[in-house]
Amino acid sequence: MNKIIPVTILTGYLGAGKTTLINHVLNNQEGYKVAVIVNDIGEVNIDAKLIGKGGVVTETDDSLVPLSNGCICCTLKVDLMKQIVEIAKSGKFDYILIEASGICEPMPIVQTLTVLSDETGSYGIPKLCRLDNVVTVVDALRLASEFGCGEDLVKENIDEEDIENLLIQQIEFCNTIILNKVDEVELEELNRVRKIIKALQPKARIIETNYGKVEVKDIIDAKAFDFEEAAASAGWVQELEKDVEEEHEHEQHHHEHEKHEHHHEEGHEGHHHHHHHDEGEAEEYGIGTFVYYRRKPFDRDEFEKFANNFPKSVIRCKGLIWFSDVPNESYIFEQAGRQIQAEYGGDWIASAPEEEKKAIIKENPEVLKDWDDEVGDRMIKLVFIGQKMNKDEIIENLDKCLK
């Protein structure tokens, strides 16, 4: 009979304390036989003494499985699948812990594991594993300095990888955060770090510790991961959804006024219906969020100028935009750290032929909640998460990009 093996994915930037955490887990296995798959670039240092305990696999005895010729999240997906299949078939282990490279984004690894755990039936393969937990180890000191204030956000000596972008991706897509090395930062800084994490990822469980010392049950067999929940748990998603709800309430009361504002972008009043209820506490450490919402398109050249001088106070920005020169196309705009991109996101429903448009709306009537008489479903809607952001100035500069 096939045994379904639970899997924990462990991510975190170089030096955050992942290996220390793995050694801690292996020292305290509590009855589990844990196989460790390691994908790290010159960073593997699993304590050799622990290998004899039957928990971990070494290169020589086939139980510590190194994947060192590339990164799991891109080149090694097939290798990773093969390793999991082999470990499952061996019957020696009842748990798999994957240590992802410090320069790895978690989402692609999770997708690979989801195929093995949820979609094997469609390939006629027995289910092999269950993704149990996605854990991100965060170095409190590093986060405090990476997300310093203002000028500190852009460093001249930054590595080729954009550290902030990776930290953000790792924090956004997980369900457990181990905030490590908390004793190394002052309380005030620690409070600021907590706020940054909560703004980026409001739903994950946060465990504060030193030297990776946590309860093994928080890492292993926690039954904590749900793909849909994790995908929708990032702060920008929460803010966008919250904003949509508030907006609809607002529109019910002030529909005519709102319509007027959307069509004549003179004043900003009508657009500032965003989260005043939660700004007080967050603003104590300068961590804030807001949503920029307009129905006019951006002028591409003007918006590119804005993007090239993106406000340093913004940690994360994501959402939908449209440009005046391609009015039928939607774009997904994304910024994390210094990485900024806009990718084609499909055509707006309003641009479809009349019959097709009616059919789409009939199937998705909720589209009409955001339908504008002039532009249909076309909109700009961007979530900003940052610290000490000059919200009015950002809004004013974005408004100058409108056409």
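In helix 7 (residues 187-200), the buried residues are Leu190, Asn191, Arg192, Val193, Lys195, Ile196, Ile197, Ala199 and Leu200, where buried means under 20% relative accessible area, exposed over 50% and partly exposed in between, with a 1.4 Å probe and protein chains only. The model is predicted, so to speak of local features pLDDT of at least 70 is needed, side-chain atom pairs count only at pLDDT 80 or more, and totals for chains, interfaces and linings use all residues. Residues are numbered from 1 along each chain as its sequence is written, and side-chain values use heavy atoms, with hydrogens and water left out. Helices (H or I, at least four residues) and strands (E, at least two) are DSSP runs numbered from the N terminus.

Helix 7 has 14 residues and spans 20 Å from its first C-alpha to its last, close to the expected 20 Å; the expected span is 1.5 Å times one less than the number of residues.

An open sheet of 5 strands has the order 8-12-9-10-11, and its pairing is antiparallel; two strands count as paired if DSSP finds at least two bridges between them. Strand 8 and strand 11 (339-347) lie at the edges with a single partner strand each, so one side of each has no neighbour in the sheet. From one strand to the next, the twist averages 10 degrees. Helix 7 packs on this sheet and touches strand 8, strand 9 and strand 12, and its direction makes about 30 degrees with that of strand 8. Contact means heavy atoms within 4.5 Å; axes are lines fitted to C-alpha atoms, for helices over the stretch in contact, and angles run from 0 to 180 degrees between N-to-C directions.

Strand 8 (residues 287-294) is mostly covered, with 8 of its 8 residues buried. Ile287, Thr289, Val291 and Tyr293 point one way, while Gly288, Phe290, Tyr292 and Arg294 point the other way. Strand 8 is joined to strand 12 (residues 380-387) by 8 bridges, the two running antiparallel, and Val291 stands opposite Val383. Strand 12 is also joined, by 6 bridges and antiparallel, to strand 9 (residues 314-321), where Leu320 has Lys381 of strand 12 as its bridge partner.

The largest nonpolar core has 58 residues, and Ile84, Ile98 and Leu113 have the most contacts inside it. Such a core is a set of buried Ala, Val, Leu, Ile, Met, Phe, Trp, Tyr and Cys residues joined through side-chain atoms within 4.5 Å. Helix 7 gives the most to this core, with 6 residues. A second, separate core of 26 residues includes Phe306, Cys317, Phe323 and Ile395.
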